[in-house]
Amino acid sequence: MKLLYDLTATQPSPESKFHGGGAYGEVLFFKLIELIEEGNFSIDQLYCYYNSKAYINPEILAEIKNHNIKLFDISRQTVKSMVQEGNITRLYSAMLNLNQNLPLGEIETYTTVHGLRTLEMPFDSIMFNYAKGLKEKIKYHLFMGVAKNYYLRKLHIINGRLVTDKRIKVITISNHSLASIKSFYPELKDEFIPVFASPTFNQLKKHKPEVVKEGDFALLTQNYGLEKKKYFLITSAARWAKNALRAVQAYDRLVSDKIGTDYKVVVTGVTNKKVFTKNLKNPQNFVFLDYVERDVLESLTANQYAFIYPSLNEGFGYPPVEALKYGIPVAASGTTSIPEVCGNAAIYFDPYSISEIKNRFVQLLDKKIYKEYSSRALYQFQTVSKKQSEDLQKLAEYVIK
């Protein structure tokens, strides 16, 4: 068996530079390197391809160079020619792109389906706030109006091309996502689709535990007036499906009611600040940041008071797990896979209800409730992390055997 590993899945998507599917692909790649170093997988069996015109984690390129792994460039040749050149027998992608003109049927093809967000939640009224100009607003109106049924049928066909194609072996990351696949495509109700919990870098043996640098936070204090344990954190704000706007509106109303005025809310991944500041009444209580580097995000995560995760849809949900790691209480949407991952370590809310999100902020400001959920956080992290470690090993073995 010769495996062609798709690294384009780890590179920036049209929506964001860093994304869950990309991180998943990176972790699995590094796990395969571990198996090579342990003698459980041959260096001659691994080939990779990427797009040289897009950003890629330099640590991936370093491992490829150190182990002399053959690296193809999709901007210069087709996947089919890579397969022919390397005598490839199997391809794996963390996010399979059918537009890459893959030689399906000629080689085994494995992919991970992280969820069916576009079918579960194709649109929501909040998307209009994120629209880039009148043209996009008109498009959203069509999606939610006269073209709704046509659009849903189209999405069903697009997703079905991937999950129902017998030439593709599908893997998924949560029981929620598995149920979703079989719910939308009942013809798969008896199909075996393995579920492996979505891993993080913490499950890698060579991964060094994140070091929270005082200098990083000192800079955040200097630039934005942040104090340790005096701010709530919200991430991934560029995408409307992450629902950060409703959480911002909830806290803005809270401050107007003279509650929590000595705390700030830090929002990362903000690519269009006007989305959030347009009707903001208390801007002094908010810090809006674009995408931040991982070490800065780690510092923000470790030093926050509590983590708010208002996402409308998740296949797994990495960010709250990172907060739980530090014993940080979490308030999160009670939808899709989030309760499966966070268990009883999160206070849940209806993500469509600004008043209910506001209520959860108030609860977290109660020191007794805060202490209870902080103690639950560490236990839940240990439980989830153990499963992620076990499943990462199973996932790697499934892909290469």
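1. In α10, the residues R246, A247, Q249, A250, Y251, R253 and L254 meet I354, I357, K358, F361 and V362 of α15, where contact means heavy atoms within 4.5 Å. The residues of this contact divide into eight nonpolar, one polar and three charged; Ala, Val, Leu, Ile, Met, Phe, Trp, Tyr, Cys and Pro count as nonpolar, Asp, Glu, Lys and Arg as charged, and the others, Gly among them, as polar.

2. The model is a predicted one, in which local features need pLDDT of at least 70 and side-chain atom pairs count only at pLDDT 80 or more, while totals for chains, interfaces and linings use all residues. Residues are numbered from 1 along each chain as its sequence is written, and side-chain values use heavy atoms, with hydrogens and water left out.

3. Helix α10 covers residues 244-256 and helix α15 residues 354-364, and the two pack at an angle of about 60° with their axes 8 Å apart. Here the axes are lines fitted to C-alpha atoms, for helices over the stretch in contact, and angles run from 0 to 180 degrees between N-to-C directions. Helices (H or I, at least four residues) and strands (E, at least two) are DSSP runs, numbered from the N terminus.

4. The largest nonpolar core has 72 residues, and those with the most contacts inside it are L4, F232, Y251, V267, F276 and I308. Such a core is a set of buried Ala, Val, Leu, Ile, Met, Phe, Trp, Tyr and Cys residues joined through side-chain atoms within 4.5 Å. The largest share of this core, eight residues, comes from α10. Apart from this core lies another, of 64 residues, among them Y5, F196, A323 and I338.

5. Which aromatic residue does F276 form a stacked pair with? The partner is F288, at 5.6 Å centre to centre and with 25° between the planes; rings of Phe, Tyr and Trp (its six-membered ring) pair if their centres lie within 6.5 Å, and planes under 30 degrees apart count as stacked, over 60 as edge-to-face and the rest as tilted. F276 lies in helix α11 (residues 274-277) and F288 in strand β9 (residues 286-288), twelve residues apart.

6. F276 counts as buried because its relative accessibility is 4%, and F288 also counts as buried, at 12%. Buried means under 20% relative accessible area, exposed over 50%, and partly exposed in between (1.4 Å probe, protein chains only).
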